[in-house]
Amino acid sequence: MHEQTEDIWADRYDRQIRFAPIGAKGQARLANMRALIVGCGALGASLAQHLTRAGVGKVRIADRDFVEPSNLQRQMLFHEADALAVLPKAVAAAEKLRAINGSIEIEALVTDVNSMTITAAMENVDLVLDGTDNAATRLLLSEACFARNIPFIYGGVAGAEGMSAMLIPGQTACLRCLIGDEASVEEELNCDTAGVLSAAVDFIASLQAVEAIKWLSGNRNAVRKSWVVADLWRFSVREFTLPGCTPGCHICGGLADENIVQLNLPRSESIARSDVLAHREERKHRLQAGTDETPPAHAWSQTLAVALCGRDSVQVTLPRTFQLEQWQVVFERLGYEIKANRYLLKIGLPDGERLVLFPDGRVLVQGIIDADKALRICVRYLTDPLEMQAEEEART
Amino acid sequence: MKERAWSDFELYVITASTHHPGRELVDVMEQTLIGGAGMLQLRNKTGSREDVLREAAALRKLTRAYNVPFIVNDYVDIAIQVEADGVHIGQDDIPFEEARRLLGPDKLIGVSTHSLEQALKAERDGADYIGVGPVYPTNTKPGKAAVTTAYVTEAAAQIHIPFVAIGGITLDNADSVLEAGARRLCAVSAIVGSEDPAAVCRSFLNKIGQYSGYAPQSVTIMLNGEQRNTSARNLEELVRELGQSHKRMVAELDGVIVSRGMWRNTVIQPRADIELIQFVGGG
């Protein structure tokens, strides 16, 4: 039986192996490689599908969100049933990916990748693919990748446009050097402000996936060292050379190959190499220890509220965990509308907002963009269940 | 001397013997001239008149050999005696009119100013140049409140005679001062207090050159495939001119992406081919 099963799948990768640059050797390499895909929306689902079909040994997907009907137009791994069941995207995606290729390992992380969780998410991976929808997470990923000396493959899409670039420690500049890290800049173009066409997503995901396959199959010299900008509607595809590492940058500097550095800076600006390396080391330790704290936006100690721009929701991260069943009982008793599965609990509040609770202490407050208001809602509804019960009993 | 282009200087150096104990004044100052300093001032507030006269005579000889204007701080009589090119006076020193009367119309007179008001007065009085500072707190003149780069910007906008930014300027903060509009810098301890004054001078001149090389008037460039005139001197100014500073942008010049930190050092040349693209964040 087992023998027979193996025979059936013997040709699984045949057409990929026939592609000369991959060959049997490249295919074997892929089987030993591990990729992390952060964000499993439109880009992430497409990326995960490419890597899974290609036979990358271990595909880890991390996502903080759940499937909604508005995702189905472009997020290729999700079905109507997933939206109806409000499944976390990572879980719904993993299920499909396992059905596509049972011979590799698929790992789903239902989590927000931030400075506290990035260490676990990036453990034992050979590269990171970008399926996120915001610059802040991308900057964090870029920095973490450079600290670990692994590539970060950026992709972004909005409307019928997109961009992609593979950032490689020691060879290219980091994302921060390319786009800056000012916190107050206007939100970049995204799917909520500009809409998005599914075909544009796949175009950009393909640009990312092919570079990942090159790198992971051992074809490192074949990687494209450029930033590609594409507009599929007007049709234009432009390619720009990526600058090398920036001397003095605490993220990508100090790793520079002398040949790549073309900048002719006055002496004072070329910070001593050892300083840069020392800073990088320190930063790396902090990142690895998970102690690289993002300052909380609000005084409510250890609580982080992040408005998910254009999404009409705020993500609140509480310094606690949730026993979902317990909370389900509480809100059912209050007569609120509930959607529940083993990964999350969605509650319709009387004023129209929705709370989505995850066991790790995260809450998505939907129907609101004001972080302070979201926090107040959390304080109001998510104090201890026993207190709420007591309050409820006192009222009745 | 005034007929010559004395005002071409970009780096002004001032003596401060206490910053180089064990090294001869003339040796240290010669290093600054080797490094390209374009104006040299003798400032000795503590020595006896004889000391100052001796130093002035030596530096006059040195600066003549390098064909660099020589200025004496405060001592109008010594300036006349050693045939210096001029004097530099502070707000509390000899009145400008008196200095001019003693020196005659052809000698240079520089005036230290600490506010736009003082600068405008010095300009009206007929000063040849002014000092603008202290831009940053300085040990050379302790206890004097820094005027910050805001005053440099005011001076750049309203003063027509040469002005020299001074006070706590080092290679680390020179960019900010130049960005504020200064085109002539003066550093004291950063230069004469260093092990290698010539190298520091060269680094300063390098920096100044990055700013003073800018085309003064508008140039025609290709921006996102279309011709456009701009008076922006660097990429950062161009992005600002286009009203895009608040957006996350990727900038590319002649086919190569320019790192965000290099925007302000990237000079806009005529016919530059520039693409400014808003970062795409969706996923």
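**Entry 1: the barrel in chain B**

Two strands pair if DSSP finds at least two bridges between them. Strands (E, at least two residues) and helices (H or I, at least four) are DSSP runs, numbered from the N terminus. With that settled, I looked for a barrel and found one in chain B: eight strands close up in the order 1-2-3-4-5-6-7-8, with parallel pairing. On average, neighbouring strands of this sheet are turned by 25 degrees against each other, direction ignored. I note for myself that this is a predicted model, where local features need pLDDT of at least 70 and side-chain atom pairs count only at pLDDT 80 or more, while totals for chains, interfaces and linings use all residues. Residues are numbered from 1 along each chain as its sequence is written, and chains are lettered from A and ligands numbered from 1 in the order in which they are written.

A reminder from class: strands of a sheet pair through backbone hydrogen bonds, either parallel or antiparallel. Strand 3 (residues 70–73) and strand 4 (residues 86–89) of chain B run parallel and are joined by three bridges. Val72(B) has Val87(B) of strand 4 opposite it.

Next I checked which helices lie on these strands. Helix 2 (residues 49–66) of chain B lies across strand 2 (39–42) and strand 3, and runs at about 170 degrees to strand 2. Helix 4 (residues 96–103) of chain B touches strand 4 and strand 5 (108–113), and its direction makes about 165 degrees with that of strand 5. For these angles, axes are lines fitted to C-alpha atoms, for helices over the stretch in contact, and angles run from 0 to 180 degrees between N-to-C directions.

**Entry 2: strand 11 of chain B**

Is strand 11 of chain B enclosed or open? Five of its five residues are buried, so the rest of the structure largely encloses it. Buried here means 20 or more other C-beta atoms within 10 Å of the residue's own; 12 or fewer is exposed, in between is partly exposed, and C-beta atoms are placed from the backbone. Met249(B), Ala251(B) and Leu253(B) point one way, Val250(B) and Glu252(B) the other.

Strand 11 pairs with strand 13 of chain B in the antiparallel sense over five bridges, and Met249(B) has Gln278(B) as its bridge partner there. Strand 11 is also joined to strand 12 of chain B by two bridges, again antiparallel, with Glu252(B) partnered by Ile257(B). Strands 11 and 12 make a hairpin with two residues between them. Asp254(B) is partly exposed, with 14 other C-beta atoms within 10 Å.

**Entry 3: where the chains meet**

I counted 23 residues of chain B in contact with 40 residues of chain A; contact means that the C-beta atoms, placed from the backbone, lie within 7 Å. On the chain B side, helix 9 (197–212), strand 11 (249–253), strand 12 (256–257) and strand 13 (273–278) each supply at least two residues. Helix 9 gives the largest share, three residues.

**Entry 4: helix 4 of chain A and the cores**

I tested the length of helix 4 (residues 42–54) of chain A. Its 13 residues should span 18 Å at 1.5 Å a residue, and the end C-alpha atoms are 19 Å apart, which agrees. The expected span is 1.5 Å times one less than the number of residues. Twelve of the 13 residues are buried, including Ala45(A), Ala48(A) and Leu51(A). After the helix comes Gly55(A), with a positive phi near 90 degrees.

Ala48(A) turned up again in the largest nonpolar core, which has 127 residues; Ala48(A), Ala35(A), Ile61(A) and Ala93(A) have the most contacts inside it. Helix 11 (residues 198–216) of chain A gives the most to this core, eleven residues. Another core, of 63 residues, lies apart from it, with Val87(B) and Tyr12(B) among its members. A nonpolar core is a set of buried Ala, Val, Leu, Ile, Met, Phe, Trp, Tyr and Cys residues joined through C-beta atoms within 7 Å.

Most residues other than glycine have a negative phi, and most peptide bonds are trans. Where does Val86(A) sit? Val86(A) is in the loop between helix 5 (80–84) and helix 6 (89–100) of chain A, and its phi is positive, near 40 degrees. The peptide bond from Gly133(B) to Pro134(B) is cis, with omega near 0 degrees. Pro134(B) belongs to the loop between strand 6 (129–132) and helix 6 (148–158) of chain B.

How values were computed: Two residues are in contact if their C-beta atoms, placed from the backbone, lie within 7 Å.
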